[in-house]
Amino acid sequence: MMRKVLQKLGKADETKDEQFEQCVQNFNKQLTEGTRLQKDLRTYLASVKAMHEASKKLNECLQEVYEPDWPGRDEASKIAENNDLLWMDYHQKLVDQALLTMDTYLGQFPDIKSRIAKRGRKLVDYDSARHHYESLQTAKKKDEAKIAKAEEELIKAQKVFEEMNVDLQEELPSLWNSRVGFYVNTFQSIAGLEENFHKEMSKLNQNLNDVLVSLEKQHGSNTFTVKAQPRKKTKLFSRLRRKKNSDSVPAKGNKSPSPPPDGSPAATPEIRVNHEPEPAGAATPGAALPKSPSQPTENPAGSLPSKEPSAAEGTFAVAWPSQTAEPGPAQPAEASEAAGAQEPGETTASEAASSSLPAVVVETFSATVNGTVESGSGAGRLDLPPGFMFKVQAQHDYTATDTDELQLKAGDVVLVIPFQNPEEQDEGWLMGVKESDWNQHKELEKYRGVFPENFTERVQ
């Protein structure tokens, strides 16, 4: 070490060999790569062992639940036994053809690493002996005995160093080039073993599948089916129908409509849906309703309600027609003159105000899917329904159990749209319209419905 320090200080000669230094760098890199490969291979083998144990446990479970009177019990037991043997064989071959080869490959590095270090020490001895010999020769007072002894030590140090140096100069490049063949052999062995393993395992799995298919045919009536998540809330359309029925009952204090003189059934209140936003000062309970172009000039008893949707989406104003009610307060003179000027059959603001039923406003909301509010990305596109969010495809058949549910067949594509009221959405259920119905009819009210999310898979 002292001689090395003297070399660094310039008080001793130091031999430079850049070619050998490059060989040492390659050696260190090769050792690092090999050590990492060995570590990863051991991890892989540990994973194979773990998978073997897991597969063994799974097959043991199958044998336990497989009842004695079921067909194919012996075949299933034999398949499980072969499965266990196949895993053991695969693991052992990986050890023999990959791990042991890896250990042999890395086994040569410690000795070479030690020889490289020893060569470095012998090089320092050789440089020091040469420096000492040259110093004695250039001294003013020469001592022949010391010079002769220094020359003898120099020759000896040079011989030891050159012997080690020549061997390493030959071995290091050869070792560096051998890495290519080693990597090829190792990964070819792993790939080949894994390929054969999966081929044999595939045959066993196919045999097991055949046994289970036979069991299913014998007990076909007990086939397990995918079920939708139960709906806890009131069915959407049923709730809307109950709401309409409750709204049709007159408010307390108002008179019920009298039946017509001819004995025909009483007129059903007309329901008018206006998609246009209500103007400022929209009607409230007891307030006058402004005349709308969509309102009919007449509403004879027994007429059916009409609906004139507008192109705009937004607030829905449901206006109920006037019904027989108690007279309201006297109108001012200007209002009386205006009333006298109206055409027969027109509904005045005062008549609308005397209606016992107020305007009903149904607001729209953003979609809420699994607790997340999503805006309609398809709004404004003519080829998609308003509020369109994404597409799903049915993976299983679903039979609707209520009028507000969609009937699905495997492969059906559904355009998912938001619920108008997030509170109406049950967990695990979505609102949508089948793409085929939308493309053909471009109508939501009749063809939309809810469906179980777990029967579908998102495709867009």
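Visitor: Which residue is the bridge partner of valine 433 in β9?

Guide: In β9, that partner is arginine 448, and glycine 432 stands opposite glycine 449 of β9. Please keep in mind that this is a predicted model: local features need pLDDT of at least 70, side-chain atom pairs count only at pLDDT 80 or more, and totals for chains, interfaces and linings use all residues. Residues are numbered from 1 along each chain as its sequence is written, and side-chain values use heavy atoms, with hydrogens and water left out.

Visitor: What makes β8 and β9 a pair of strands?

Guide: Strands here are DSSP runs of E with at least two residues, and helices are runs of H or I with at least four, numbered from the N terminus. Two strands pair if DSSP finds at least two bridges between them. Strand β8 (residues 429-434) is joined to β9 by five bridges, so the two count as paired, and they run antiparallel.

Visitor: Why are β9 and β10 called edge strands?

Guide: The open sheet has five strands in the order β9-β8-β7-β6-β10, with antiparallel pairing. β9 and β10 each pair on one side only, and are its edge strands.

Visitor: How do you know which tyrosine 398 is, buried or exposed?

Guide: Buried means under 20% relative accessible area, exposed over 50%, and partly exposed in between (1.4 Å probe, protein chains only). Tyrosine 398 has 7% relative accessibility, so it counts as buried. Phenylalanine 455, at 3%, is therefore buried as well.

Visitor: What makes aspartate 17 and arginine 119 a salt bridge?

Guide: A salt bridge needs a side-chain nitrogen of Lys or Arg within 4 Å of a carboxyl oxygen of Asp or Glu. Here the closest N and O atoms are 3.8 Å apart, so the pair qualifies. Aspartate 17 sits in the loop between α1 (2-8) and α2 (18-65) and arginine 119 in helix α4, so the link spans 102 residues of sequence. At 24% relative accessibility aspartate 17 counts as partly exposed, whereas arginine 119, at 4%, is buried.

Visitor: Over which ring does arginine 119 lie?

Guide: Arginine 119 lies over the face of phenylalanine 20, 3.5 Å from the ring centre. The rule asks for NZ of Lys or CZ of Arg within 6 Å of the ring centre and within 35 degrees of the ring normal.
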